[in-house]
Amino acid sequence: MKEIEMENIIRIVDMTLQYPPADEDADPQTAIDGLSLEIKEGSFVAVLGQNGSGKSTLAKTINALLPPTGGDIFVCGMNTKDDELIWEIRRSAGMVFQNPDNQLVSAVVEDDVAFGPENLGVPTEEIRQRIDDAMKKTGIFEQRKKSPHMLSGGQKQRVAIAGVIAMRPRCILFDEPTAMLDPKGRLEVMNIIKALKKEGITVLLITHFMEEAAEADRVIVMRQGKIAADAPPADLFSDTENVRRLGLDLPPAVEIRELLRAGGVDISDDVLDMGSLARVLCAGAEVTDGTERRRVREE
Ligand SMILES: Nc1ncnc2c1ncn2[C@@H]1O[C@H](COP(=O)(O)OP(=O)(O)OP(=O)(O)O)[C@@H](O)[C@H]1O
Ligand SMILES: [Mg+2]
């Protein structure tokens, strides 16, 4: 039994979350409606869905910020309904929000990163080690003496992520962490997320960017508080009709892939990002025509 719990770092059983009604006459708002879900330790899961489909509510229930009104949620085997376990749950499954400004609490970057481990009562000498590690991993070590307010949006978000990493969580829940960032900031944050996954940290990434979801091992699509699809990205994005029915776009590389397919070019469902698309096209050009290959490379 213990092994099963360890493997599924998150286990949600028939969970419902109703927000209280806005006034006495209104009905309660059902944000999550009888949802069951298991997430394996070490996996990278993207969560998609239209506005109001329940993505943020789902993350908040996993983080024990909202107690479910029905069913149960287990994080590393701990039930989020158990008040005594709330801090251990939040330490095990850290959360990064959309707006980095709302997550930064100190006037100096390194103090901000130290805030979480200090609150956990980590010994001072270990805190130094942990925050240095976390700041190096997120590429903000050089900025450690600065005020967070001097930093770019992407840098601020990396400080917020460093603060979570310093608590040594086994799982990190990201709720649209790149929504307020420029393309460079988005790329930096995505690179950190991929590095965390490589280290074995479980990642749950809520996003509206299809190209980010394409990087995950598994994509969950929410609709009206339920799971409307659950598949590896190559499978999900291969059924373009279904993707549209779910109210989603295709990742840009898949849009191009589909246009090329319509034009008779044979490309695998595994091609989901621009890098693989370019490689496939160059390799194809190499086989068919040396002149064409040079032309593609020069561009
Ligand atoms: N604090 C709240 N009180 C009442 N209803 C809420 C509250 N927060 C969210 N809701 C409602 O719950 C439903 C799910 O909201 P949620 O924020 O989880 O969606 P989301 O998928 O994260 O949307 P978005 O993509 O816009 O962030 C929506 O109908 C929303 O209006
Ligand atoms: Mg949301």
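Student: How many charged residues does the shell around ligand 1 have?
Tutor: In this predicted model, local features need pLDDT of at least 70 and side-chain atom pairs pLDDT 80 or more, while totals for chains, interfaces and linings use all residues. Residues count from 1 along each chain as its sequence is written, with chains lettered from A and ligands numbered from 1 in the order written. Ligand 1's surroundings include Tyr19, Gln29, Ala31 and Lys55 (near: C-beta, placed from the backbone, within 6 Å). By class, two are nonpolar and eight polar, Gly counting as polar, and the number of charged residues is one.

Student: Which element gives the most to that shell?
Tutor: Gly49, Asn51 and Ser56 are among the residues around ligand 1. β2 (29-40) and α2 (55-62) each give two or more (helices, H or I, have at least four residues and strands, E, at least two, as DSSP runs). With three residues, the top contributor is α2.

Student: How do α6 and α7 lie to each other, roughly parallel or roughly perpendicular?
Tutor: The axes of α6 (residues 153-165) and α7 (residues 183-198) come within 8 Å and cross at roughly 20° (lines fitted to C-alpha atoms; angles run from 0 to 180 degrees between N-to-C directions). Angles under 35 degrees count as roughly parallel, over 145 as roughly antiparallel, 65 to 115 as roughly perpendicular and the rest as oblique. α6 and α7 are therefore roughly parallel.

Student: Which strands stand at the edges of the six-strand sheet?
Tutor: The open, mixed sheet runs β6-β7-β8-β3-β9-β10 (pairing takes at least two DSSP bridges). One side of each edge strand lacks a neighbour in the sheet, because each has a single partner: these strands are β6 and β10.
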